[in-house]
Amino acid sequence: MRKYELLKEEHNIVRKCSRQKQVIDPETRKVVGVTPDFFRLRTEDKGYLSANWLEFNEGDRQQRIEKAFYMMKDGGLIFGAKDVLALSHVEIIKYCGMIHSTKINIKLRPTSRNKAHVGIYGLPKNNSNEDLLGLLAMKSIAEIATIPISV
Amino acid sequence: MLYATSSPEDFVPSKWMASGHDVSVSLSVKSETKEVDASLSSLAKKSFPILKTAPLEEQLYSNKASLIILTSQLGMHLSDDLKRYFYNEIDELLDIQNFTNGDSLINVESFCGFLNFFIYYHNLKKPSLGVNIESFLTATWVGNEGCLTIEFLPGNYVRSILSKELLEVKEFDNSKSSPIINIYRGPLTWFEQAITAFDIDKWYKNAKI
């Protein structure tokens, strides 16, 4: 795939989720979701959210998650001790946007150290559409994976 | 001035300021809450100053200390179990081992609002706590059909995002159903009234004894 090419709808992306954005079951201490804030753009985000393309690497799902993690790490992303990986289906993210009349696209943005880096484009720049953020938090997280090694 | 300010005006959305809301005025109605609110405001002003040039570890320590002291000052209004839970959550959210790029210190005024919320609507279940990109504390309760996230803004204001799946839709699945999303922005004392139609008491409230 070439730079800025759109990811296929049947593919998946993986994003780092820090402790501050996780929803944790108070009794079991398991991470059960993410807060709407996980999808908020910060001023330094330059109009898109960073993630990694899961299908870039070969292997089964678990192997792909591990490889994505190491690519993100090699790309300079720092992981905290309680960070997790949130996996989302491209089609569902786009569907959430469509419900709120927002065109969300996920484009490949490879860097020299992370060839599977992607950007989630189309999220409201002023974070005004909280309905969309709530919907994304509720519907678009397909799986929460723990990071493969202790960091 | 090297100290990070915790003045409410720095955090309140400008549109509220423009519309003439006086955020320093307590919005609590119950007399107990009024007293607590007053004491919280004065305590918040006495919180540890955070030196922006200090190493991150020191900033986290000062922030953590302020929040733990605030929680302990309100000991009489909160159960021991809840206090312990809040201490642990604060500890985790501001632990240097967990703190990475994109994380924020917790705004003390926001934390005051959170404590006020728990005192005003007593008998609440333990939420999952987080911090949003604006440094405001978030509390999330998960129910069978969705979840409720409240962001605590300074001046006893809240912004809540409620996502609730319609039961009949849930039975058919599917990942492409669209839940009801309700957004409330306003004083914390009006929160319950604003969401009463959604019948989610059991998500965030303990059963009455």
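The axes used here are lines fitted to C-alpha atoms, for helices over the stretch in contact, and the angles between them run from 0 to 180 degrees between N-to-C directions. The model is a predicted one.

**Two helices of chain B**

Two packed helices are described by the angle between their axes and the distance between the axes. In chain B, helix α3 (residues 56–73) packs with helix α4 (residues 80–93) at an angle of about 170°, and their axes are 10 Å apart. Angles over 145 degrees count as roughly antiparallel, and α3(B) and α4(B) are therefore roughly antiparallel to each other. On the side of α3(B), the residues in contact are K64(B), L67(B), I68(B), T71(B) and S72(B), and they meet K83(B), F86(B), Y87(B), I90(B) and D91(B) in α4(B).

Strands of a sheet pair through backbone hydrogen bonds, either parallel or antiparallel. In chain B, five strands form an open sheet in the order β3-β4-β5-β6-β7, with antiparallel pairing. Its edge strands are β3 (128–131) and β7 of chain B, each of which pairs on one side only. Neighbouring strands of this sheet are turned by 20° against each other on average, if direction is ignored.

The table sets out two of the pairings, with one pair of opposite residues for each.

| Strands | Bridges | Sense | Opposite residues |
|---|---|---|---|
| β5(B) (residues 146–153) and β6(B) | eight | antiparallel | E151(B) and R159(B) |
| β6(B) (residues 157–164) and β7(B) | eight | antiparallel | S163(B) and I181(B) |

Although strand β7 (residues 180–187) of chain B is an edge strand, six of its eight residues are buried, and the strand is mostly covered. N182(B), which has its place in β7 of chain B, has a relative accessible area of 16%. Is N182(B) buried or exposed? Buried means under 20% relative accessible area, and N182(B) is therefore buried. The C-alpha atoms of N182(B) and L162(B) are separated by 5.0 Å, while the two residues lie 20 residues apart along the chain. Leaving aside neighbours within four places in sequence, N182(B) is in contact with S160(B), I161(B), L162(B), I195(B) and F198(B).

**An enclosed helix of chain A**

Helix α3 (residues 130–139) of chain A has eight of its 10 residues buried, so it is largely enclosed by the rest of the structure. The buried residues of α3(A) include L132(A), L133(A), L135(A), L136(A) and A137(A), as well as E130(A) and K139(A). Which elements do the buried residues of α3(A) pack against? In chain A they pack against β3 (31–34), α2 (90–99) and β8 (141–146), and in chain B against β6 and β7.

**A buried asparagine in chain A**

N12(A) has its place in strand β1 (residues 12–17) of chain A, and it is buried, with a relative accessible area of 7%. The side chain of N12(A) makes a polar contact with the side chain of H89(A), at 3.1 Å. Apart from neighbours within four places in sequence, the residues in contact with N12(A) include L7(A), N52(A), W53(A), R61(A), S88(A) and H89(A).

Notes:
Residues are numbered from 1 along each chain as its sequence is written. Chains are lettered from A and ligands numbered from 1 in the order in which they are written. This is a predicted model: local features need pLDDT of at least 70, side-chain atom pairs count only at pLDDT 80 or more; totals for chains, interfaces and linings use all residues. Side-chain values use heavy atoms; hydrogens and water are left out. Buried means under 20% relative accessible area, exposed over 50%, partly exposed in between (1.4 Å probe, protein chains only). Helices (H or I, at least four residues) and strands (E, at least two) are DSSP runs, numbered from the N terminus. Two strands pair if DSSP finds at least two bridges between them. Angles under 35 degrees count as roughly parallel, over 145 as roughly antiparallel, 65 to 115 as roughly perpendicular and the rest as oblique. Contact means heavy atoms within 4.5 Å. A polar contact is a pair of N or O atoms within 3.5 Å; within protein, one must be able to donate a hydrogen and the other to accept it, and residues adjacent in sequence count only if both atoms are side-chain atoms.
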